[in-house]
Amino acid sequence: MSTAIDAANVTVHYGQTLALDDVSVDIAAGQICGLLGMNGSGKSTLFKALMGLVKPDRGSIRLLGRSPRQARREGLIAYVPQSEAVDWTFPVSVADVVMMGRYGHLGLTRRPRQADRSAVAAALERVGLTELAGNPIGALSGGQRKRAFVARGIAQEAALLFLDEPFAGVDKRSEATIAELLRGLRDEGRTIMISTHDLASVPELCDTAVLLQQQVIAHGPLDEVLAPETLARTFGAKIAGGAR
Ligand SMILES: Nc1ncnc2c1ncn2[C@@H]1O[C@H](COP(=O)(O)OP(=O)(O)OP(=O)(O)O)[C@@H](O)[C@H]1O
């Protein structure tokens, strides 16, 4: 299996705060990897480093054989942000959000062409939001907003999808819909990383996982990473007992 995401010995500081300490992860193409850790464990920072938005003090990152900046420039990375990181009052429609995924594909005129409109329509259809295309993004439910951002990644034709807490604030039915969607994208060969701080609800759809606490505590098949011994060692018996 070829490696899609290869981070080696990545260390990131914000001033005096050590956010990532010698982090190495290796994720095969066509897999869903859970990025697990408590609040403040460095999950968002790892995503930012992978996207080239934070420059590591040390270490190297290759995404599909490219630097993060190059991968971003080629439109290979789609990011679904945490809900708190988005200004939902911003006056854009659902279709506008999805069209943002086409920006890297637009020609010199920067005007969407028929191919872009078709890609947006197909992405909306795939996530089940066709009927809501003209609605303001802020009027959608938590789960629908997540699906709109996933549609943006689909329209972008990104090979790598990073989802920051995609199941937070989402009801069970939407969670199942999103999980099904992600499985389908994985089966097409895309590589997906999903972060969560809620170790008690790590989605079954993850093939592998990384348990992060500034350092990589465990990295491998989901069952191994969620083994009670690993969790107890890291977080204490209380969390380990309730994890699955
Ligand atoms: N811009 C920043 N400036 C200073 N410190 C930061 C900054 N961003 C994050 N940190 C700190 O870096 C550490 C890792 O934060 P990060 O947001 O990556 O964790 P996280 O696991 O994503 O947490 P959460 O789930 O709460 O977002 C924390 O101690 C946090 O306070």
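Two residues are in contact if their C-beta atoms, placed from the backbone, lie within 7 Å. In this predicted model, helix α6 (residues 172–187) lies across β3, β6 and β7, and runs at about 145° to β7.

These strands belong to an open sheet of six strands with mixed pairing, whose order is β5-β6-β7-β3-β8-β9. The edge strands, which pair on one side only, are β5 and β9, and neighbouring strands of the sheet are turned by 15° against each other on average when direction is ignored. Strands β5 and β6 run parallel and are joined by four bridges; within this pair, Val-80 has Leu-163 of β6 as its bridge partner. Helix α1 also packs on the sheet, where it touches β3, β6, β7 and β8, and its direction makes about 155° with that of β6.

| Helix | Residues | Strand | Angle to that strand |
|---|---|---|---|
| α1 | 43–50 | β6 | about 155° |
| α6 | 172–187 | β7 | about 145° |

The largest nonpolar core has 70 residues, of which Val-98 and Ala-151 touch the most other members. Helix α5 (residues 142–156) provides the largest share of this core, with six residues. Leaving aside neighbours within four places in sequence, Ala-151 is in contact with Val-98, Ala-123, Leu-124, Arg-126, Val-127 and Leu-129.

As for confidence, the mean pLDDT of the protein is 89, with 93% of its residues reaching 70 or more, and the model scores ipTM 0.96 and pTM 0.90. Over residues 240–244, however, pLDDT stays under 50, and the model has 10 contacts beyond four places in sequence for this stretch.

Methods: Residues numbered from 1 in each chain as written. Predicted model: local features only at pLDDT ≥ 70, side-chain atom pairs only at ≥ 80, totals over all residues. Core = buried A, V, L, I, M, F, W, Y, C linked by C-beta atoms within 7 Å. Buried ≥ 20, exposed ≤ 12 C-beta atoms within 10 Å, placed from the backbone. Helix = DSSP H or I, 4+ residues; strand = E, 2+ residues; numbered from the N terminus. pLDDT = per-residue confidence, 0-100. Pairing = 2+ DSSP bridges. Axes fitted to C-alpha atoms, helices over the stretch in contact; angles between N-to-C directions.
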